[in-house]
Every structure is written in structure tokens, then in C-alpha cells.
Amino acid sequence: MAGFEWYSMLSAGSENGLEKRLARLARAGCAGVFAVPAYEENSLNDDRGLRFAETMIRLCRAAGMKCLVFADARADTICALDALRPDAIVMEAGALTEESPKLGAPLGLWARSGGCAADTSFIIGSRREEGVPFYADDAGLLSSELDAGYVGALANVVPEFFQMLKSALDAGDRVRAENALDFLRVAAGYGFAPEDVEYLYIKEGIPSAPVARERKELDAFLRLKRYMYYSLLRHEPSELLTGYDVSFPECHASTVLPLEDGRVLCVYFAGSHEGADDVGIWLSARENGAWRRPRRIAKVNDTAHWNPVIFAADDGIRVVFRVGRTIPGWVSYTMTSADGGETWSEPMPLGADNPAGGPVRNKPIRLADGRMLAPNSDESAEAWLPRVDESTDGGRTFRRLAPIPLNRTDEAAPDFMPGVGAIQPTLWESAPGRVHALLRTQAGRVYRSDSEDGGRTWSTAYPTALPNNNSGIDLAVDGDALYLALNPTTGTWGPRTPLVVMKSTDNGETFADFATLADDPIDDRHGREGQFCYPAIVARGGRLHITYTHNRKSIAYAEIRLREGRE
């Protein structure tokens, strides 16, 4: 989540100008505004300050952002501001008097005692410092000379914990609120200097830029922050398809298909290790609430097999997968089942005119006009170039349709993509002919591209506020909601834990945290960082069906019920 921009009464400007600036900030992924309705020695002591606070809150709401408001410690001030319903009230602990509401040190909750409504904002207090960098237009950094307040640094570094604390208090979840507050106390103890905040921003991909030197203590803080935050979110239970080291040494890159009869099929590659010559395509089937023993369904030759995709085609269930020792040499093979995955045809090349065609890693989608679009990419050491392929025969064959353009040269442009490019799109259609793609990148961010003509042409990919660790993502559509499974981490080959689901109700413009699938930081059994990654997600019958790699030793499955009953 991005940080917060700073605005004071003296720096905000006209309401019309503010509205435009906030809209730009929202598009750039800014989390919200830290508003200071103060001038000279006063804060919110007259109608002028309250009018400014009301304006900032209203404009933030219209832009879809949060609004944190600074206030002095007087009870009448807090009550007046509370009536405006900001997302948070931030106050300076050093300004507390005996008449003020009690506040824990250095961070705490306001103990309400009459006067104000009992179910709204939380208050954070800490000491003040100067020169704290805040989120600025066009995903840049603004090293403000204003007296921003030390808590402003925390609003930038850990904004998600501010919102978690607020939501927990609103929900009456005292345990989660106390846990979030405990972490905020820990974060306050770090004493972030402006250069620390800038380092943390860059390490989280906001903006994407090199750091002068690695800061191990701040890297450790980022890991702690990520682990603590997602450990406090709603968790969904999962089950393993097979025990570790039971059927194969390693497995990866699962793909899932729920069937009308209630069974679930999951296909993945497995063998000694990724890229080994003995790797083949395996299938597991879930029926009556249990997973049958996995079985290998394809081994074309003695080279590695990769990234299968299972989907419903016109001629039954179809699987497409890649074969070859090197990615540029991959050849697509396909096979079908007419009996729900019990038996399979012999694997055959997908087509000589498009040897590495068809879907890779993520599932194809069927458009309103009946065509199928498949996510694909051309990969080499020099460039990753995403594209979409098209099938007009129900998934039997796929032809190249269109590239997804990338800006890899103009560094000054807002859509510039550092790194070698993007791969493994995940696709959805929001209206007939309007198709969208989210892309895996090495730029620290998920990028997006849009098509207005059914995938025949695409906009140049542009960055979103979603983090990406150069690992797979996948998306499913249920009614008006999008559900995106990903690792919420950044960096080229960044950590592949935790694994979460995010939800969007505005066609992917913004995403909110929905559930945590796995968050263990360490694979204790093998003495390495946990790996919960490469999710596949499908929506069917009011449920999300999700599979993902579980420490490379098994595949995990989670079913999330969105509505009661089956549709």
C-alpha cells in the first residue's frame, strides 16, 4: 500500500486545484492524505480549520482515498473533528494536558469519556520531527520542509496498520486492534529518519529506483511488517493434495478446474526439481471432500515439462502445457478428456504455425462473442514480451492475436517498465469487447493493459498500485467483483510469502485485502524461506477455488465460499 501525501491549510490551494491533485494521486496509487488544518500556533480552534478538515475529508472520499487529520489534544477539538468522520485522527502526544483524553505512550488509543460518538476514529500520538518525506504526485518523493510530525512517517511506512486498527475497532474486534496497536508501538520505536522512509518506499517499489546501499535492519523491518499484517487478516484454511516426498520430490505451477458434479481437478508439473528431465505433467482429483492419489498424465519425452493450464473447451476438458529444456525452445502440447479427467488422449503438438501457442500459466477466457483469449508471452534473456493468442474453434487451436505493448525505453514516461519486461498475463472481460490484463513484471509492481476491441489491440502496459515480486498472479471474476491471488511483495525474485487474495469492486482500479491463504515466513522442514506462490483461482457456483505451490513440495487447495448454496 502506498503512503500518504501531506497537506496543510497553508499549502493546499484552491478546492478545484485540490480535487485535481487528489485525482492524480489516486491514479498513482496513493493511499490517502495526511491533512493538517493548522496555521501559526493553532489547530482546529476556529471554523476555518474545521472547514479545511471537512473539505479534505470530502475530496478524499470522492477520490477513493483515506483521510488522516491532525488535531490538538483538546477534547472539544477532538469532538468537533470526530463529527466529520475522518478515517483517523492523529494527535501529538507531546501536547497532552491533564484535561486531554488519556493516550498511551508512544502510541495508544483515545479513551472516550462522553461527548463524542463511541464508534469512530482512533488516535495515534507520538513526538514531532521535521523533514519527513511524503507521497507525492506521479509516484515521486517530496522531502517536505514542513513540520510533518513523526506520526506522519508512520502513516507512510505502515499505513495498512492504521486502517487495520480502525477497522478492528469499528468491528469491535479488541484482540485484533490490540495486536495492530502492538505493532504500531514497535514501529514507533524504530525512530525513522527521512532517509529511512525513502529507503522503505523504494524497497516497496514506490517509486521503482535503486538504493544507495542495502539496509539490513530496514529490510528486516519490512519482513516483520509484511508477516504481522497478513497474519492479522482473515485466514482461509487450505489442504494439501499430497504429503511431502510421497509421490515426487518437487512440484510447482498448478492449475485448477472445478466441475459441475462437485469434483475438482488440479494439474501441475512434478519431478526431481523444476527444469529436470524427469519432470512431467501430473493430475490430482478431489471428490467427496478428499484428494485421490496423484498420477502422471503426460510425459512426451525426456525433457522438462512446464506450466500446464486446464480449462473447459468445446470438446471436453483440455490441458495445454510446454515441453523443452529452454524457454525459447518450448513447444506447446495439448490433450483432452471426455470423461471428467479419468482418461486422456495422447498429447499432441498444439500447432506448427504457433509452436509455443495457447495459454501458459494462466487460464484462457471466453469472450462474449464466443472467441477464447489465451495469455501468452515470448521469453528470452533479453526481453519478456507479453501477448494474447486467440481460438475460434473452442480451444482446439490457438493463433497469435496481438502483443501487449511495453515502454522499456522512455524512463521519463509514467508507463516506463524497468527490467526485461512482463509475462504471464491474467485476463478478464468487463463488458463485451472490453478486455483487461494484469501482468507479472520485474518492476516491483503489477502492470495493467486494456483493450477496447476484444483483444485485437492493447494499450501500453502501465503500473498499478499492486506489488509484484516477479512471481505468478491469477484473477477470477464473480459477478461485479474481481478476486486477485498474489504475493504482496516486491522486487525481482522477491519473497514468495505470504500469499493473499485481494478483492476489487471497481473493475480493478483499486483492490482491498480480502483473505490470507498462507503466511509462514520460514519453511522449517527444509531450512529456507517459505514459498506459497503461483496461485490459480477460478470462481464457480458462489465459491472461489484456489490452488498454489506449497514450499515446492506439494500443492495446496483452498475453497472460499462467497455466497450460500450452489448456483
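Author: Thr 490 sits in the loop that joins strand S29 (481-486) to strand S30 (499-504), where strands are DSSP runs of E with at least two residues, numbered from the N terminus. The model is a predicted one, in which local features need pLDDT of at least 70 and side-chain atom pairs count only at pLDDT 80 or more, while totals for chains, interfaces and linings use all residues. Residues are numbered from 1 along each chain as its sequence is written, and side-chain values use heavy atoms, leaving out hydrogens and water.

With a relative accessible area of 15%, Thr 490 is buried, a word that applies under 20% relative accessible area with a 1.4 Å probe and protein chains only. Leaving aside neighbours within four places in sequence, Thr 490 is in contact (heavy atoms within 4.5 Å) with residues that include Lys 203, Glu 204, Gly 205, Gly 444, Arg 445 and Asn 469. Asn 469 is 21 residues away from Thr 490 along the chain, yet their C-alpha atoms are separated by 4.1 Å. As for Lys 203, its backbone oxygen lies 2.7 Å from a polar atom of the Thr 490 side chain.

The largest cavity holds about 50 Å³ of space, a volume being the space filled by probe spheres set on the points, which are joined across faces, edges and corners. Strand S13 (residues 280-287) gives the most to the lining of that largest cavity, with 3 residues, where lining residues have an atom within 4 Å of a point.

Terms used
Helices (H or I, at least four residues) and strands (E, at least two) are DSSP runs, numbered from the N terminus. Buried means under 20% relative accessible area, exposed over 50%, partly exposed in between (1.4 Å probe, protein chains only). A polar contact is a pair of N or O atoms within 3.5 Å; within protein, one must be able to donate a hydrogen and the other to accept it, and residues adjacent in sequence count only if both atoms are side-chain atoms. On a 1 Å grid over the protein atoms alone, a cavity is a set of points where a 1.4 Å probe fits but cannot get out, and a pocket is an open set with protein on both sides within 12 Å along at least five of seven lines; lining residues have an atom within 4 Å of a point.
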